Amino acid sequence: MSLSSALSIAQSALLATSKQTSVVSRNVADASNPDYTRRIAVVTSTAPGARAVEIQRTANDLLFRQNLSALSAWSGQSALYDGMDQLDLSVNGVDNASSPSTAIANLQKALQLYATTPSNQNLGTSVVDAAKQVVNSLNSGTKAIQDFRTQADSQIATAVNDLNSLLSQFQDANRAVISGTRSGTDVSDALDQRDALLKKISEYVPVSTFTRGDNDMVITTRDGSTLFETVPRSVTFTPSSGYSAGTPGNTVYIDNVPVSAGTGDNTTADGKLAGLLKLRDGVASTMQSQLDEIARGLITAFAETAPSQPNATGLFTWSGAPAIPAAGTLVDGLAGSISVNAAFDPSAGGNPALLRDGGANGAAYVVNTGGASYADLLISYGNKLDQPMAFDTSTGIAVSSGVSDYAANAIGWFEGVRQQASTNADSKQALAARTAEALSNDTGVNVDQEMSLLLDLEHTYQASAHMMKTVGDMLDSLLAAVG
């Protein structure tokens with residue numbers, strides 16, 4: 001081998017080692033970045049010598065897709081469960097202290113106490129006060145639910161804006177990848193950026209991807225709607241300024257295709273948008289319907305009856321008074337409009353003794369004709385709270401029961417779906433963590449491994465430098481001999 005060939009080999013080795021060292025150093029510097037993918041300087045042999053020809057990313061498409069799916073599921077489930085916690089606290093209070101079920105139980109106790117001493121009108125006033133607490137629970141619960149739906153609607157609008165912004169950023173990153181691929185330059189950083197944006201996008205909506213020529217990526221939703229193809233597709237939503245009971249929420253559209261939040265009592269949600277939609281139009285709306293049915297049950301249970309006369313509102317009244325709401329039929333917003341009949345309320349000039357005697361709707365409805373110890377009507381009201389009646393089956397509670405049990409079942413229904421949502425959130429969080437760990441183990445940076453590689457490169461560099469020094473010494477000796 002000639003001295004010039006040896007010198008060329010040594011120089012080439014130094015350049016290759018320098019490039020490899022630079023890549024390894026970059027790996028170490030970005031080891032803590034979850035969106036960074038390990039680089040490898042691929043070295044190929046030439047004649048004479050060796051040189052680094054390209055930098056490769058240690059990507060794993062299968063693990064990456066699994067992680068995207070897990071992130072989407074966790075994000076949606078987290079939004080759903082967190083919203084349920086907030087909704088429960090605002091409607092039912094701590095330990096259900098402000099729930100209609102608790103207020104109805106207190107009303108029953110007040111009725112029972114009044115029935116033991118029907119001549120004591122202070123006990124009658126206590127029943128009216130307990131009824132006011134029931135009304136307040138239903139009225140405030142309705143307001144809390146509609147406020148919650150309005151808040152969820154605002155969060156949906158924010159999420160849509162964020163998603164559109166991410167898609168716009170993805171377009172820039174995708175262009176950089178395509179441009180670098182066509183020019184043959186290193187696109188590792190651009191690919192990392194594109195993958196990081198894809199993770200964020202998947203938190204809002206579940207995605208599928210495929211890559212075309214020049215590393216051009218197309219994004220679709222899991223149901224086939226196009227999110228990105230060359231340019232971002234439009235994600236649109238019209239927010240509402242406020243909600244009333246029974247008002248449906250506006251739909252989110254991706255490329256003019258509506259986003260689905262799932263059906264029935266399914267407590268799973270993929271993507272933050274689906275979770276928020278399910279909260280606004282599913283869980284919260286069902287809770288509102290249950291409150292409306294509780295209100296209807298109370299109006300019916302305390303209705304005044306008389307021979308040859310239609311049933312008329314009693315202790316509890318509503319906008320359709322004196323008529324009673326139709327049996328088994330949901331009246332949207334009834335829980336927000338129910339009130340205590342002023343005829344019974346002493347603070348409004350009413351007489352609580354009408355609870356004992358009847359007659360709030362006229363003489364035809366009077367039951368007690370003069371006995372101060374008469375308690376049959378009071379007892380019948382207490383019994384009617386426990387007597388099965390027809391409730392609308394669309395409210396998620398199909399068990400036949402009295403209004404007091406129905407109110408308790410409403411809490412049981414919510415706790416059931418919340419517990420299922422909690423279980424799903426925990427399992428999906430664990431899955432997201434496991435897939436992220438698996439992806440990191442396969443494509444991330446192991447600092448110990450990189451430091452070991454740096455030591456090997458240092459030895460290679462020393463060997464190449466020693467070779468160059470040896471060749472230099474030989475050339476100096478040769479020139480000295482010629483001189």
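This is a predicted model: local features need pLDDT of at least 70, side-chain atom pairs count only at pLDDT 80 or more; totals for chains, interfaces and linings use all residues.
Before the details, a word on conventions: residues are numbered from 1 along each chain as its sequence is written, and side-chain values use heavy atoms, with hydrogens and water left out. Local features need a pLDDT of at least 70 and side-chain atom pairs count only at pLDDT 80 or more, whereas totals for chains, interfaces and linings use all residues.

Let me begin with the pockets. On a 1 Å grid over the protein atoms alone, a pocket is an open set of points where a 1.4 Å probe fits, with protein on both sides within 12 Å along at least five of seven lines, and a lining residue has an atom within 4 Å of a point. Points are joined across faces, edges and corners, and a volume is the space filled by probe spheres set on them.

The largest pocket has a volume of about 690 Å³. It is lined by 37 residues, and those closest to its centre are Thr 37, Arg 57, Ala 59, Phe 64 and Asp 195. Helices here are DSSP runs of H or I with at least four residues, strands are runs of E with at least two, and both are numbered from the N terminus. H5 gives the largest share of this lining, 6 residues. By class, the lining of the largest pocket divides into 14 nonpolar, 14 polar and 9 charged residues, where Ala, Val, Leu, Ile, Met, Phe, Trp, Tyr, Cys and Pro count as nonpolar, Asp, Glu, Lys and Arg as charged, and the others, Gly among them, as polar.

The second largest pocket holds about 330 Å³ of space. Of its 20 lining residues, Pro 206, Asp 223, Ser 260, Asp 270 and Ala 274 lie nearest the centre, and the lining of this second largest pocket splits into 11 nonpolar, 5 polar and 4 charged.

Now to the helix pair. Helix H3 (residues 100-116) and helix H9 (residues 376-384) pack at an angle of about 160 degrees with their axes 9 Å apart, the axes being lines fitted to C-alpha atoms over the stretch in contact and the angles running from 0 to 180 degrees between N-to-C directions. That makes H3 roughly antiparallel to H9, a term for angles over 145 degrees.

Gln 108, Leu 111, Tyr 114 and Ala 115 in H3 meet Leu 378, Ile 379, Tyr 381 and Gly 382 in H9, contact meaning heavy atoms within 4.5 Å. The residues of this contact are 6 nonpolar, 2 polar and no charged.

Terms used. Angles under 35 degrees count as roughly parallel, over 145 as roughly antiparallel, 65 to 115 as roughly perpendicular and the rest as oblique.
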